[in-house]
Amino acid sequence: MRMSADEPEFSVENFYKFVGEGKLMGARCRRCGRIMVPPRPVCPNCYSRDIEWVQLSGRGTVETFTIVHVPTVLLEGKEPYAVAVVKLDEGPKIPGMIPDVASPDQLRIGDRVRVGFDRTIQKVPGSWPSWPRYYFVKE
Amino acid sequence: MHGKPLAAIVSAGSTKYGKHDGKGAKELFAEAFSEALHGARNLDPKRDVNAVFIGQMGSEYEYQAHSGSWAADYAGLPYTHAARVESACASGSTAMRIALTGVMSGMYDTVLVAGVEKMRNRGTGEVTLYLGEAGDFHMEIWNGLTFPGLFALMATAYMSKYGAREEHLAKVAVKNHKHASMNPKAQYPQEITLEQALNARPVAWPLKLYDCSPITDGASVAIITKPELAKKYTDTPVYITGFGHSTDYLGVYEREDVTWLEGARRASEAAYRMAGIGAGDADLFEVHDCFTIAEILLYEALGIAKRGEGYKLIDEGLTYYDSKIPVNVSGGLKAKGHPVGATGVGQMYEIWLQLTGSAGRRQVKDAEVGVTHNMGGSGASHNVFVIER
């Protein structure tokens, strides 16, 4: 049984709700210690539902990256921009835009980055999702 | 034959891959079905076919889901067993896997396996969004990635780790365009030069235009039956003797090593084991080169090259149709085209042509064992088949 009944649901939807509040949040399994980003209601490691929200430092290291020149309709007009896989200091890896980087000579694998937040609700075709977006900047 | 026959492919058919104005998924399917039907002797679908499985990734393009039912109806079988099968870009081979297990279980004698995708009625931005559904949409696509972008993440890491260069990626494109120039059903049969590939505009650095498979309309169909019934329908059946499948983490960011397609390794090892072969026993491979880096990573995961050395294989030209280990003789997804849901069945169509000696100018001499590898999304599902004659 989940013991933390007062916590918001451990969901992707609430992950972005926290992004809108300027927080990068993960879920930690209280039984085995696994940190899940985005949060999940059931730990895939030990199947526990005894889970808590934890705020992440938002600092990490670039593991790999690309410079996107042909975006989806969600980001048309923002190109070119970098997207990296960032290994957070707490362990989990997440993808994130680095909007200030537009060319491969501006970034290297191993570079340190920290999270930032674009709290404006993004325009999408259709009525969902209406999420804000986190991103990374070079330290 | 190395393995025990699990099912026979008695006929197959395919539309040309490309831009088909005025034709939707339904008409494309009908065209491929008709070719497959005419290639089989004494096959009466209304009497002999027990089920229809059709691979198709997206229902957004034409606002039409429920494709099992319309495909069955277009095949003249309004009351049969059917389903649309979705496993992203591996939908076609997943339809084959389900059909095959149906035949192996004894549930069905003969099954129509199809794959289809109509994509060119939409703009590039829309298609890029829809294809993004095959990745982790909520984390990857929402945060700016695209399909070329996801494979670019693998390419950047691979080049950094093993010392491969952009020209190695480009050489895959040059080879597959050369192969496509001999395939009348290929979308881009133009040969290209290394300079052309290297100087093309970036799509998702380090991937450029010629590193990416195109947006394609097309359909492919295969008819499979129990091995003991095969000779009733053709004198030249080919047999599926092994298959393997594995999922992997949906998101590229979740994988421990982004340069390694662990699901492909597991799927191919299972398929080889079932067929009683090693990678070295195959006469040709059709692999999922949605992007040039994917073909190089697949050389490694499928056991054709050692880990970290896949780029050397293309550098030495060893995977041309007339070389040691022919890979993507059809032109691959890269140049033959990639109508997403059709691709897995299209790969089998090519192996069927090759093993029956019907591949024309690109025929691999004395081909007896062919391997197909079809990948879903950015490597989150893999199907591998061993086909023999």
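**A close look at chain A**

Reply: Among the contacts in chain A between residues at least 6 apart in sequence, 51% join residues at least 24 apart. The model is a predicted one. Chain A has 139 residues, and buried residues make up 35% of them. Its C-alpha atoms fill a box of roughly 50 × 35 × 20 Å along the principal axes.

The secondary structure of chain A consists of 1 helix and 8 strands. Read from the N terminus, the order is α-β-β-β-β-β-β-β-β. Where they meet, domain 1 of chain A contributes 8 residues and domain 2 of chain A contributes 11 residues. On the domain 1 side of chain A, helix H1 (residues 12–20) supplies the largest share, with 3 residues. By class, that side of domain 1 has 5 nonpolar and 3 polar residues, and no charged ones.

Next comes strand E1 of chain A, residues 25–29. Of the 5 residues in this strand, 4 are buried, so E1(A) is largely enclosed by the rest of the structure. What does E1(A) pair with? One partner is strand E3 (residues 51–55) of chain A, which runs antiparallel to E1(A) and is joined to it by 5 bridges. Within this pairing, Gly26(A) has Val54(A) in E3(A) as its bridge partner. Strand E2 (residues 35–36) of chain A is another partner, also antiparallel to E1(A), and here there are 2 bridges. In E2(A), Ile35(A) stands opposite Arg28(A). E1(A) and E2(A) form a hairpin, with 5 residues between the two strands. Gly33(A) lies in the turn of that hairpin and has a positive phi of about 90°.

Val101(A) sits in the loop between strand E6 (93–98) and strand E7 (112–118) of chain A. Is Val101(A) buried or exposed? A residue counts as buried when 20 or more other C-beta atoms lie within 10 Å of its own. Val101(A) has 23 other C-beta atoms within 10 Å, and therefore it is buried. Leaving out residues up to four places away in sequence, Val101(A) touches Ala82(A), Gln106(A) and Leu107(A). Val86(A) is 15 residues from Val101(A) in sequence, and their C-alpha atoms are 15 Å apart in space.

For context, chain B contains an open sheet of 9 strands with mixed pairing, in the order E3-E2-E4-E7-E1-E8-E11-E10-E9. Strand E3 (81–85) and strand E9 (284–286) of chain B are at its edges with a single partner strand each, so one side of each has no neighbour in the sheet. On average, neighbouring strands of this sheet are turned by 25° against each other, direction ignored. Inside it, strand E4 (residues 110–117) and strand E7 (residues 218–225) of chain B pair in the antiparallel sense over 8 bridges. One bridge pairs Gly115(B) with Ser220(B) in E7(B).

Conventions. Residues are numbered from 1 along each chain as its sequence is written. Chains are lettered from A and ligands numbered from 1 in the order in which they are written. This is a predicted model: local features need pLDDT of at least 70, side-chain atom pairs count only at pLDDT 80 or more; totals for chains, interfaces and linings use all residues. Two residues are in contact if their C-beta atoms, placed from the backbone, lie within 7 Å. Ala, Val, Leu, Ile, Met, Phe, Trp, Tyr, Cys and Pro count as nonpolar, Asp, Glu, Lys and Arg as charged, and the others, Gly among them, as polar. A residue is buried if 20 or more other C-beta atoms lie within 10 Å of its own, exposed if 12 or fewer, and partly exposed in between; C-beta atoms are placed from the backbone. Two strands pair if DSSP finds at least two bridges between them. Axes are lines fitted to C-alpha atoms, for helices over the stretch in contact, and angles run from 0 to 180 degrees between N-to-C directions.
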